[in-house]
Amino acid sequence: MTGALRTVARESAAVLRRRRRDVWRLVAWSVPESAPAMLSGLVVAHAVDQGFLRDRPWTGTAWLGLLVVAAVAGSWGARRANHAVAGVVEPFRDDLVTRVVTASLRAAARPGPDVAPEGAVARLTNQVETVRDAFAGLVLVSRGFVVTVLAALMGTASLAAPLLPLIAPPLLAALALFAVALRLGVRWQHDYLAAGERLADRAAAAAGAARDVAACRAGERAAGYVDEAVAAQARAERALARLAAVRSLTVVVGGWLPLVAVLAGTGRLLGAGISTGALIGVLTYLAQILVPALDLFVTTVGKAGLRFVVTLDRLLRRAASEPAAERPAAAAAPHPARLELCEVTFRYGAAARPVLEDVDLAVGPGEHLAVVGPSGVGKSTLAGLLCGTLRPERGTVRYGGIPVADLDPAARARCRVLIPQEAYIFPGSVADNLRYLNPAAGDRELLAAAARLGAGPLLTRLGGLPAYLCPGDLSAGERQLLTLVRAYLAPAPVAVLDEATCHLDPAAEQRVEDAFAERGPLVVIAHRISSAVRASRVLLLDPDGPLLGDHRSLQAASPRYREMTGYWTASGSEPPGAAGPLDGVRPALRADLGGDPAQAVADGAR
């Protein structure tokens, strides 16, 4: 664990260097905060020698009144010091969250079976909060200990310098003993955390398999599996208990032993010319300042300090173990206005039934494709495959002839934009939300895009582009509309709407789809029949196999499609004019299908 101490020491030193100004502010405000510690023994000594021993109670009381003034100054300094600590700790916490979450997301996005377990990011961010709280406590307590002990030693030196040899050596010896124990404590704390995590994992596994355990009559085996982890954690806790004993010994040697030494030599000290008040003042420094400060220091460092070292070391190791995502070999820039699926098969498990099997599909420049089908048939899965967020088990997805697997995430993002059903709006200005996918977009572009999609009145009601957005204050439809404007501004020419207009009324949905269709290739995961009517082509995902055509040809050839369109019309999901004779709907299927459209559909065109 020596490596962990070095790693954490380097990281902590780097944090303090980066926040040098806040560190100096903290040091500066520590001076008034130390006033009570500095003055307590001196004030008591003068109150005794010049007041109470001379039968001048008011003089002694006046001296003690200075402690009230010192306490006010100390509380003011402590308040300002806490603000300075926040200036050091909070940026460190933000930086650590960024590093840890980035590493976790890279691990989750890495191809292969070893993905981040469910809840891993939440667990890691909780550990970051543990590090943050421990670091704040360590900074406050360590600084307070140093300032307080220096103040007590300076006060002791001013009252009775000959007593310093009775105080300083035991204190230094106690701190050295504690430092040695800490090195062992880091290892014990690491073992304790590992044992706790192992116990939690085993207990969760046993609980999750309770039915299987009962069916197989494997209760004893499962109990033994968990008992091993329980025993390991018990051993780790007993090891940590040794450190508690060392903490107590440190306080005895460094704090109480000097106090006993001073008391034992009282007669000799008084005979050597040290006044009674000075002796009482030194005892005040020891009993009221040094011992509590030392006890707080060893307790905090022995508990929060160990958690800080072990947890931070594990977080840093995890972040370092996930290098920046490797970019695939550079591929020729694709012509992004064409998406292709070539014999694509996808399933969610090795033994699961394929969601899509041997699917061929091409979406070319200027095309508007609507994807329909019953719930759970794989429409959103198809959208994920088209956008490269899902990888096919077999087959290839291509952008402009280039396999998606050969493109890095930035190149894929330049080719297509996916708008899911759940719209995400973050707290911030309207402008920041709209230009999220296109930071270079100017205000005129934002307003023009909003007007084209019918969001102009919404922007006016919200207060314009500078207005601050609180996502909870927006309706689901308003969030969707703002998200659609954001996607419309994206540089990517291909748009995939995965039920992204489900909270809009039919007229608003038509305006949005028309705008995106004019912008470039459009794929719509449809939830209204009107989307299929407007599309140049319709892909029906049917459990018996996908069918491709247009609205009229699919009605003629597919009982499933006739059933769905009848349901949509009966449920009122279709806007007026969409049902009945489909005048203006292009009767042709893809040009490369040829022949009779209904016959082409019946032949299983995909």
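How many bridges join strand β9 to β10, and do the two strands run parallel or antiparallel? Four bridges join β9 (residues 494-498) to β10, and the two strands run parallel. The model is predicted. Its protein chain has 606 residues, 44% of which count as buried, and its secondary structure comprises 21 helices and twelve strands.

**Chain overview**

- The accessible surface of the protein chain amounts to about 29800 Å², and carbon and sulfur atoms account for 58% of that area.
- Among contacts in the protein chain with a separation of 6 or more, 75% are between residues 24 or more positions apart.

- A right-handed β-α-β unit is made by β9, helix α17 (residues 506-519) and β10.

**Nonpolar cores**

- The largest nonpolar core contains 66 residues, and F92, L96, F135, F308 and L312 have the most contacts inside it.
- At least two residues of this core come from each of α1 (2-18), α3 (35-50), α4 (57-109), α5 (120-160), α6 (164-208), α8 (219-264) and α10 (276-321).
- Helix α10 gives the most to this core, namely 22 residues.
- Beyond its neighbours within four places in sequence, F92 is in contact with E11, V15, V131, F135, F308 and L312.
- Another core lies apart from the largest one and has 35 residues, including A441, L458, A467 and L484.

**Aromatic pairs**

- The count of aromatic pairs comes to nine.
- W29 and W76 form an edge-to-face pair, because their ring centres are 4.8 Å apart and their planes stand at 85°, where over 60 degrees counts as edge-to-face.
- This pair links distant parts of the chain, with W29 in helix α2 (residues 20-33) and W76 in helix α4, 47 residues apart.
- The relative accessible area of W76 is 48%, so W76 is partly exposed.
- The rings of Y488 and F516 have centres 5.5 Å apart and planes at 90°, so this pair is likewise edge-to-face.
- Distant parts of the chain are linked here too: Y488 belongs to helix α16 (residues 476-489) and F516 to helix α17, 28 residues apart.
- Y488 is partly exposed because its relative accessibility is 21%, whereas F516, with a relative accessible area of 0%, is buried.
- F92, F135 and F308 are linked into a cluster by ring pairs, and these three residues are among those with the most contacts inside the largest nonpolar core.

**The loop between α5 and α6**

- A161 is located in the loop between α5 and α6.

Methods: Residues are numbered from 1 along each chain as its sequence is written. This is a predicted model: local features need pLDDT of at least 70, side-chain atom pairs count only at pLDDT 80 or more; totals for chains, interfaces and linings use all residues. Side-chain values use heavy atoms; hydrogens and water are left out. Buried means under 20% relative accessible area, exposed over 50%, partly exposed in between (1.4 Å probe, protein chains only). Contact means heavy atoms within 4.5 Å. Accessible areas come from the Shrake-Rupley method with a 1.4 Å probe; for residues, only the protein chains shown count as cover. A nonpolar core is a set of buried Ala, Val, Leu, Ile, Met, Phe, Trp, Tyr and Cys residues joined through side-chain atoms within 4.5 Å. Two strands pair if DSSP finds at least two bridges between them. A crossover is right-handed if, with the strands pointing away from the viewer, the path from the first strand over the helix to the second runs clockwise. Rings of Phe, Tyr and Trp (its six-membered ring) pair if their centres lie within 6.5 Å; planes under 30 degrees apart count as stacked, over 60 as edge-to-face and the rest as tilted.
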